[in-house]
Amino acid sequence: MASRHPPKKTNGLTVITTHVNADFDALASMLAAQKLYPEALVVFPGSQEKNLKNFFIDSMAYLFNMADIGHIDFGKVTRLVLVDTRQARRIGKLAKLLKRKDIDIHVYDHHPATDRDIKGSVEVSRMSGANVTLLTEIIAEKGIDISADEATIMCLGIYEDTGSFTFPSTTEQDFKAAAFLLSKGANLNVVSDLIARELSPEQVGLLNDMIQSATRYNVNGVDVVVTTVTTEKYMPDFAFLVQKMLKMENLDALFAIGRMEDKIYVVARSRNNDVDVGSVISPLGGGGHAYAASASIKGDTLAQVENKLVEILYDKVKAQRQAKNLMSSPAITVSNDVSCREANDLLTRYNINALLVIENTDEQERLCGYITRQVIEKVLYHKLEAVQVAEYMTTEFATVEPEADLNEVQEKIIENKQRVLPVIANSKIAGVITRTDLLNILVRQSKKDATGVPDPLREPTHAQTRNVVKFMRERLAKRLLNILKTIGEVADECGYGAYVVGGFVRDLFLYRPDEDIDIVIEGDGIAFAKTYAKLQKARIHTYEKFGTAVIIFEDGFKIDIASARLEYYKFPAALPIVEMSSIKLDLFRRDFTINTLAIQLNSEKFGTLIDFFSARKDLKEKIIRVLHNLSFVEDPTRVFRAIRFEQRFGFTIGKLTHRLIKNAVNMGFFRGLSGRRVLTELKQILQEDNPLPAIIRLNELDLLTFIHPSIEVDNHLKSILNSAKQALAWHDLLFLDESYMKWVVYFLALIHSCDPQRSQEICDRFELAPYYRKMFCNERFAAENAVLELTRHLPLSNSALYRRLSEFRTELILFMMAITRNNNVKKAISYYYTGLRKIEVSIRGKDLINIGVEPGPIYREIFKATLDAKLNGELKTKKDELDFARNYVP
């Protein structure tokens with residue numbers, strides 16, 4: 001955007017104008033410009049603004065210093081102010097002024113720049129959803145006062161041109177401008193009435209004609225709809241009808257050509273990044289954005305314009321759906337001398353239906369065929385599992401290059417009846433496109449069900465992507481953003497792909513704080529981590545078995561690095577076997593769809609959000625779903641995580657996922673889990689701010705029995721858990737620089753009703769260390785007895801209270817506060833913890849020697865008596881303590 005110089009006064013006439021067929025945004029922009037140029041005349045460039053005529057007559061024409069173009073003396077015009085356009089062919093008769101060298105031209109336009117743009121001495125240009133947004137910003141900056149009616153018209157322009165903030169071209173600045181106008185009294189009822197207007201019978205008829213005459217074109221692999229209509233008179237709101245048809249028919253790109261009176265009007269709308277309607281309409285003499293554009297043409301027939309348009313479409317529209325963007329990489333391959341039994345293991349391990357078969361010759365891999373799961377299963381049925389795959393592989397097959405478009409991919413898979421299509425670049429296997437991939441792509445681009453919503457796709461396919469750099473800048477601290485950028489830069493140097501994944505990305509879109517960064521590297525994660533740590537002068541811990549590393553910065557900040565990997569399980573509840581993989585397969589191994597989001601960090605694609613499994617849809621709908629039906633068979637501990645995420649985020653476990661959980665419980669898969677793995681997940685639940693809802697959910701799903709069958713979630717247990725939460729909140733508000741284990745407090749509350757034998761069984765089940773066994777099986781009962789004693793014997797002296805509670809660690813103190821219902825006991829425990837616990841005697845052994853006390857058992861007795869006296873308020877200073885010690889000795 002050019003600098004915003006205040007308009008200089010001119011002795012001549014200033015004219016403000018816009019494009020022919022002005023819409024509400026153009027109208028609003030002219031009004032806003034009039035606030036910047038109060039002496040100017042507002043002039044429509046043409047006579048076809050009939051869609052605005054009634055609006056002017058019936059409402060707010062008094063706000064404009066309006067003049068008819070026929071009454072303007074062009075010779076007196078010295079300054080021309082253009083809003084919402086900068087193209088000569090779109091300003092009608094006023095274009096004559098451009099031939100004069102003495103005309104001062106000021107431009108305010110939000111359309112993309114072109115070579116044919118009018119140049120001005122003042123140019124304010126930036127991409128925004130509405131043009132009036134640019135002018136509103138200047139009005140706000142200059143502090144120019146506007147009335148409520150003026151604010152309403154300007155707000156109307158923003159709402160119309162952004163589709164009430166739903167069009168892809170909408171920007172943050174549009175929202176801010178609307179907010180400013182609302183603060184100035186803009187009336188949204190008026191805006192709503194004008195935006196959500198009902199269709200007239202004539203408009204309904206024209207819309208029906210548009211739908212009936214629609215022709216679908218597949219332009220370089222992209223679906224585009226062109227419709228043509230004819231009407232004897234000009235039809236107001238043609239653009240509105242085009243937008244209506246786009247939504248009703250669920251189209252990605254629509255071009256409407258209408259012959260009205262003696263002109264041809266072309267209006268285009270797009271929801272597909274592959275179709276930039278602004279660039280398509282430009283050769284027809286029009287203009288606009290990538291998502292909305294229009295043109296008016298005189299002298300051509302309807303057929304001529306349609307032919308020109310189709311030619312331009314084939315020239316301008318280039319599909320991004322090429323093989324390189326659709327393929328899975330790296331492709332899973334098998335050597336031709338491998339047995340069919342081993343090939344079957346690979347198919348199961350990677351959850352795929354076909355393998356590419358390669359032959360290793362002179363240290364090079366040559367693609368020689370493929371073999372499908374169907375063939376392998378027949379081979380195994382006939383007990384030929386020891387035979388090499390070379391004997392039964394398919395050797396006649398088609399391949400494509402990375403630049404092949406969707407049509408070519410579709411043709412080769414269907415005509416050759418191939419289950420898998422190799423993508424070959426420079427005689428090497430770059431990737432593979434499966435028949436399932438193609439089906440998913442075709443389903444996505446075809447008409448959906450009656451609701452227009454695509455079925456959720458849960459298999460790894462081509463990713464939904466979008467650039468979220470701007471969002472990252474808004475949400476992340478500058479240091480964090482710089483760290484992610486440098487990770488991408490180092491990955492570029494290493495030749496690896498780098499992604500930030502998992503909970504960090506999930507919480508980014510849930511607007512929750514999370515600085516636990518998990519990085520996945522397509523390549524050698526440990527090698528990358530060593531390179532990055534060296535450059536950042538950071539420490540590193542590596543774990544070769546899992547291909548992971550932890551980078552630790554000087555201030556203690558940590559980043560987890562992992563090689564993209566695939567996990568598979570030899571039997572239910574087993575620990576995973578880990579292999580190197582791609583980002584797609586790495587994400588597929590994760591527990592739930594909401595945790596499968598990734599953001600690419602490589603410089604060229606920094607900030608590209610990757611969503612293979614409709615994760616953002618599930619985040620929006622607040623649903624917890626697994627990625628495949630055997631998820632809980634492979635790792636039953638995922639059930640605990642599902643419940644934890646459900647309660648933490650206020651989500652709901654999906655119906656299928658819920659059924660799969662019940663199935664895992666009924667099949668007894670949890671019995672195969674080690675106690676330590678169950679305890680790890682239980683700890684995570686008990687570390688939540690409020691674990692009670694999760695514990696109730698565990699009980700509903702019959703999962704508490706895996707802790708101990710005797711645990712019942714009754715009102716008594718709920719009350720204790722709630723009291724534990726209150727006790728923890730009380731402790732945290734003390735802001736003590738002392739750590740404690742929150743999960744231990746809740747666990748003590750959870751097993752409160754268990755007797756010593758059952759407590760020991762629980763400790764055995766979870767393979768607890770002696771430290772925890774002592775706390776749960778011995779100290780817990782001592783703490784419960786202490787609560788009973790305090791209930792019976794209060795009030796106590798400070799020293800007696802101290803002696804009764806000093807043996808208990810913080811977790812047990814908080815547990816005691818949770819289980820007692822006696823407020824006096826709670827107050828006593830609180831008084832001990834906040835007032836007495838840290839009191840110590842000041843005198844030491846050398847002080848006793850100095851006053852003549854011989855070392856021996858008497859020292860302990862003296863210290864105890866002195867502390868009791870100090871606790872009871874009898875001693876204030878060290879001198880008091882020494883005097884007390886002297887008098888204590890016989």
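Is F706 buried or exposed in this structure? The structure is a predicted model, in which local features need pLDDT of at least 70 and side-chain atom pairs count only at pLDDT 80 or more, while totals for chains, interfaces and linings use all residues. Residues are numbered from 1 along each chain as its sequence is written, and side-chain values use heavy atoms, with hydrogens and water left out.

With a relative accessible area of 11%, F706 is buried, a word that stands here for under 20% relative accessible area, whereas exposed means over 50% and partly exposed lies in between, with a 1.4 Å probe and protein chains only. F706 is found in the loop between helix 26 and helix 27 (715–732), where helices are DSSP runs of H or I with at least four residues, numbered from the N terminus. Leaving aside residues up to four places away in sequence, F706 touches F670, R671 and R765, a contact being heavy atoms within 4.5 Å. Between the C-alpha atoms of F706 and L673, which are 33 residues apart along the chain, the separation is 9.7 Å.

From this loop we can turn to the charged side chains. A salt bridge is counted where a side-chain nitrogen of Lys or Arg lies within 4 Å of a carboxyl oxygen of Asp or Glu, and by this rule the model has 41 salt bridges.

One of them joins the side chains of R677 and D635, at 2.9 Å from N to O. This pair links distant parts of the chain, since R677 belongs to helix 25 (residues 675–686) and D635 to the loop between helix 22 (631–634) and helix 23 (638–649), 42 residues apart. Both R677 and D635 are buried.

A second salt bridge, between R641 and E681, has an N to O distance of 2.8 Å. Because R641 lies in helix 23 and E681 in helix 25, the pair ties together parts that are 40 residues apart in sequence. R641 is buried, as is E681.

E688 is buried, with a relative accessible area of 16%, while R648, at 26% relative accessibility, counts as partly exposed.

Technical notes: Helices (H or I, at least four residues) and strands (E, at least two) are DSSP runs, numbered from the N terminus.
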